[in-house]
Amino acid sequence: MSRTLTAETVSSTLEELRKRVRETGVPVSFEETVRAVTEACWKLHRRRIQRVLNGTGVILHTNMGRSPLIPDAWDAVRDLNTGYSNLELELQTGKRGIRSGLIPELLRILTGSEAALVVNNNAAAVLLVLSALARDREVIVSRGQQIQIGGGFRIPEILALSGARLVEVGTTNITTLSDYLSALTERTALVLVVHTSNFRIRGFASQPSVRELSSRLPPTVGLVVDQGSGVTRERIPGETPVRTYLEEGAHLVCCSADKVLGGPQAGIVLGRQEWIQRLSKHPLMRAFRPGKTILSLLEEVLIRRVDGLSFTESVYSIPLEDLRRFGRKILKGIPREAADLVGAFGTTGGGSAPDEKFRSLAIEIRTEEKPETLLRRMRDLPLPLIGTIEEGKVRLNLSTLYGENPVEVRNALLAVLNLPEGAGLQERGEVQEVKNPENPLS
Ligand SMILES: *Cc1c(COP(=O)(O)O)cnc(C)c1O
C-alpha cells in the first residue's frame, strides 16, 4: 500500500486511540492497539484492486472487470508499454501516424466492416456518434429502446448530452416501420437502434429489422445500431453479431470491446468509411481516444481472436466432464456433508443474452452458517472468493473458476470451512480448527 499510506493509517489509528484514552481515562492494552492498527490497515488493503476468484458463473461480470484478458496478449504488450512505442509514429515515413495499428483490418476480418474507430468505452462511442452526426438535429428512437444499461448509461440522457433531439416513436412493446417513417423530417439525422441487452420483452412485441429500416430510410438518414455485446462469431441466442447488422445496411455499429470480444475496456464503432471519417475528425475524439496500453492490448487480443476462440467462447466450450474433474480436484477429501458438486447454470452477463443460460456445475457449501455471512467470510479471504446464493445455499460455479489453480480454490474453500490446508488429502476425517496464517484478523 506504500510505506507512506501505511504510516499515515497507523498514526491516525493511534491518534484515535489516544483521544479515546484522554476522553474516557480508560487505558488501551497493547493487544488492543495492535488489533486496531492491523484492522485499519487490513480494511484499507481490502480496497486495493486485486485478483478475486469468480464463482458466480457470470462470465462477463461488470463488478469483476468483465472479460479476463488472454495472458499471452498481456505478456506480448509488456515491453512496448514499459518502453517507447510507435503509437503515433509511422515507421515507413517517420511522420506522425494514426493510433490504431492493425485494429481496423482485424475488425474487418471479424465483422466485415469497412472502417473502425476505438474510444474509451461503448458509452463514449454512442455519445461520439450522436455528437458528431446529430447535434442540433433529430434522432429517432423506439420507445421500446429507451433503456438504461448498467450504472448511468441512459439512452435519453446520452442523447440530450450530445445536443441531439430525441424523437420517440412507437410504444414499449410495438414499434412499426411506419412509426419510424412517419417521424422523418428534414431535420432527421439518424435512426438509432439500441439492443435491449439486459432484458427481453416477450409476448406481443415487435420491432422492424435493421434490413427493413435500411431499405426504406432515405440515404441521407444514418442508421446506427448500439449492438453492445460485441458478438462477432459466437453463436449466442438472442444476440445479433455485428456483421449481420452491417450486412443488413447499418451505417455504423457500436459495441464494447470488453464484453464478448474479450478485449480491454474500450468502445468500438464499425461501419462505412465516410461515416467513421466524420467521427474521427470530431473534437470529442481527442477526449475519448484510448492510450497505448488499451490499443496495444486490443490489437493483441484481436490477432488471437481472428485465429482462435474468445475468452467467452472458451468458457462455453468447457465439457461438463472437465468441469466435474476440476470440481473433484477442488473437493478431494472434503467431506460431502461440508461441500459437494451440484448441477448449475452459467450466464454470459455483461448485458448480453439475459435469458440464456448454459449448463455448468457448482460446488454447494453445506454449512449451518447463514449464507450471507458465509459469502462475506469468503470475500474476506486473502484471495477473495465470490459466490452466489441459490436455493438458500452458497454456491461456487465452476465455469468461471475453471482457469484457476484448483489447489488455490481448494485452499480458499478449506479456509472458509475452517479445515486445515491439506485436510482431507490425508483422509483424516476429523475437523481441526486452524487460523488462516495470511489473514491477520482470522
Ligand atoms: C454494455 C452496453 C453499453 C455500455 O457499454 P460500456 O462499454 O460499458 O460503456 C451500451 N449499450 C449497450 C447496448 C450495451 O450492451
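I began with lysine 259, where an N or O atom of the side chain is 2.7 Å from an oxygen atom of the ligand. I note that the model is a predicted one.

I then looked up how far the ligand is covered. Taken alone, the ligand exposes 380 Å², and the protein buries 92% of that.

In serine 256, a polar side-chain atom lies 2.7 Å from an oxygen atom of the ligand. For serine 197, I recorded 2.9 Å between a polar side-chain atom and an oxygen atom of the ligand.

Next I listed the shell. It holds 13 residues, and those that come nearest to the ligand are Arg66, Ala123, Asp226, Ser256 and Lys259. I sorted the shell by class and found seven polar, three charged and three nonpolar residues. I traced at least two shell residues to helix H6 (122-134), and at least two to strand S9 (222-228).

I turned to the second largest pocket. I noted a volume of about 1,100 Å³ for this pocket. Its lining consists of 41 residues, with Gly97, Ile98, Arg99, Ser100 and Gly101 lying nearest the centre. Two or more lining residues come from each of helix H5 (103-111), strand S3 (115-119), helix H11 (273-280), helix H12 (283-288) and helix H13 (292-307).

Definitions and conventions
Residues are numbered from 1 along each chain as its sequence is written. This is a predicted model: local features need pLDDT of at least 70, side-chain atom pairs count only at pLDDT 80 or more; totals for chains, interfaces and linings use all residues. Side-chain values use heavy atoms; hydrogens and water are left out. A residue is near a molecule or strand if one of its heavy atoms lies within 4 Å of it. A polar contact is a pair of N or O atoms within 3.5 Å; within protein, one must be able to donate a hydrogen and the other to accept it, and residues adjacent in sequence count only if both atoms are side-chain atoms. Accessible areas come from the Shrake-Rupley method with a 1.4 Å probe; for residues, only the protein chains shown count as cover. Helices (H or I, at least four residues) and strands (E, at least two) are DSSP runs, numbered from the N terminus. Ala, Val, Leu, Ile, Met, Phe, Trp, Tyr, Cys and Pro count as nonpolar, Asp, Glu, Lys and Arg as charged, and the others, Gly among them, as polar. On a 1 Å grid over the protein atoms alone, a cavity is a set of points where a 1.4 Å probe fits but cannot get out, and a pocket is an open set with protein on both sides within 12 Å along at least five of seven lines; lining residues have an atom within 4 Å of a point. Grid points are joined across faces, edges and corners, and a volume is the space filled by probe spheres set on the points.
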